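Thanks for coming. I'll keep this short and go through a few places in one structure. Please have a look at it first.

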Amino acid sequence: MDLYFDNAATTRISENALAAYAYASINYPANPSSVHKAGLEAKRKLEEERARIASLMGTRPESLFFTSGATESIATVLSSLLLTTHGKVIISSIEHEAVSSWLPALREHGWKAAVLRARNGFVSPEDLRAELTPDTKAVAVMSVNNVTGAIQPIPELVRTVREYEKEGKRHILFFSDSVQALGKVDFPLEGSGVDAASFSGHKINGPRGIGMLYLRQPQSFRPLAPAGGQERGKRGGTENLPAISALRAAVEEWLPDAEANRKRIGRIREKCINALRSMGLRILSPEASSPYIISFASPLPSEVFTRMLSDRGVMASSGSACSNNARGEGERILLGMGIKPQDAARAVRISFSKDTSEEAADELIRIMEETVNGR
Ligand code: PLP
């Protein structure tokens, strides 16, 4: 049985995504920038894929740009800030390293950076309002935290910023890293009012190395690498059409049934949470979390417990394994939201996919019980 419970780190590519990858590789081999017939066909296919993804995400194709992953999408937004202006940026304390690692560079280039705490796991509109100043140029708060699953109140946070703007101040860029939100929580991209958002293919059974950047008003952004002017000048470099086709197939598998999957996975999550509690373990994920993620405090240091689970066939994560399974990141986020240091050091994350079965969850619970009881 597949006991892979590390889907927030990455997911297995789906058969449809793999088939779409192969189909585009074989049937659209040309460079979409080439002016011959095969190039024009590749370009048409590329735009068809963009339009289909945009329609499923409820946005306009003109707002979606393909990148090599969320890390690059984030780098595009933050480097554009760095290159075009300076002032104050407000970043939440629970951002993924793909965002937070930009803080030193921003500061080095004269930006003032405020780090917003996330009490009990959430950034509050009141705390954000208190940080807004006339020189604030950008706010970055992720949609769903990758360690705890906490769903951030993005529409309320955006509203707070827009109300502040009405007091006669300039437009403030609102960026939301939405990697763990796509398909997994109710996240109306256009309705939320964000200016920019990042997405990643490999979190939804697409391939690695493909991501998206949503820009509500792309004009004001500078590319990370202008190169050949691809992606309407926002992302230079030959487009990865096979991966884009595969991403489209993955989005087609996730988005139309997102609500039904959320409910089903939500029930599995509930069952796991109840079982963990009955084993005497503390749940670290707050109530308002993604149905796809549970963080809990294990009885042992995270690495020891995850290795014991792994020996029994269960793949879970100690903290956040998005990068190199570095212990620091998960702990930093948990400590930042007020979790006790002894619990943060024992944090284990289990994360589901839309294909996680009830049987796999039952087996997880059984193995977890054995492991906790030292059998
Ligand atoms: N942001 C979040 C919240 C993530 O969980 C990840 C995971 O890796 C990333 C950004 C980076 O995404 P990518 O691997 O596509 O660069």
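Which backbone atom lies 3.0 Å from a polar atom of the side chain of Ser 14? It is the backbone nitrogen of Ala 17. Keep in mind that this is a predicted model.

Ser 14 sits in the segment before helix H1, which covers residues 15-27. Ser 14 has a relative accessible area of 12%, so it counts as buried, the cut-off being under 20%. Leaving aside residues up to four places away in sequence, Ser 14 touches Asn 205 and Glu 253.

Now the ligand. How many residues surround it? There are 13, and the closest are Thr 71, Asp 177, Ser 200, His 202 and Lys 203. By class, that shell has four nonpolar, seven polar and two charged residues.

From the side chain of Thr 71, an N or O atom is 2.5 Å from an oxygen of the ligand. Lys 203 places a polar side-chain atom 2.9 Å from a ligand oxygen. With Ala 70 the backbone is involved: one of its N or O atoms lies 2.9 Å from an oxygen atom of the ligand. As for cover, the ligand on its own has 390 Å² of accessible area, and the protein covers 91% of that.

Next, helix H7. H7 runs over residues 154-166, which makes 13 residues. From its first C-alpha to its last, H7 reaches 18 Å, close to the 18 Å expected at 1.5 Å a residue. Which residues of H7 are buried? They are Ile 154, Leu 157, Val 158, Thr 160, Val 161, Arg 162, Tyr 164 and Glu 165. Note that Arg 162 and Glu 165 are in that list. The buried residues of H7 pack against two helices, H6 (125-131) and H8 (189-192), and against two strands, S4 (136-140) and S5 (173-177). Just after H7 comes Gly 168, with a positive phi of about 90 degrees.

Last stop, another glycine. Is Gly 338 buried or exposed? Its relative accessibility is 61%, and the cut-off for exposed is over 50%, so Gly 338 counts as exposed. Gly 338 is in the loop between helix H12 (327-336) and helix H13 (341-344). Between Gly 338 and Thr 371 there are 27 Å in space, C-alpha to C-alpha, and the two are 33 residues apart in sequence.

That's what I have. Questions, please.

Methods: Residues numbered from 1 in each chain as written. Predicted model: local features only at pLDDT ≥ 70, side-chain atom pairs only at ≥ 80, totals over all residues. Heavy atoms only, no water. Helix = DSSP H or I, 4+ residues; strand = E, 2+ residues; numbered from the N terminus. Expected span 1.5 Å × (residues − 1). Buried < 20%, exposed > 50% of the residue type's maximum accessible area, 1.4 Å probe, protein only. Contact = heavy atoms within 4.5 Å. Near = heavy atom within 4 Å. Polar contact = N/O pair within 3.5 Å; in protein donor to acceptor, adjacent residues only side chain to side chain. Areas by Shrake-Rupley, 256 points an atom, 1.4 Å probe, with all protein chains shown as cover. Nonpolar A, V, L, I, M, F, W, Y, C, P; charged D, E, K, R; others polar.
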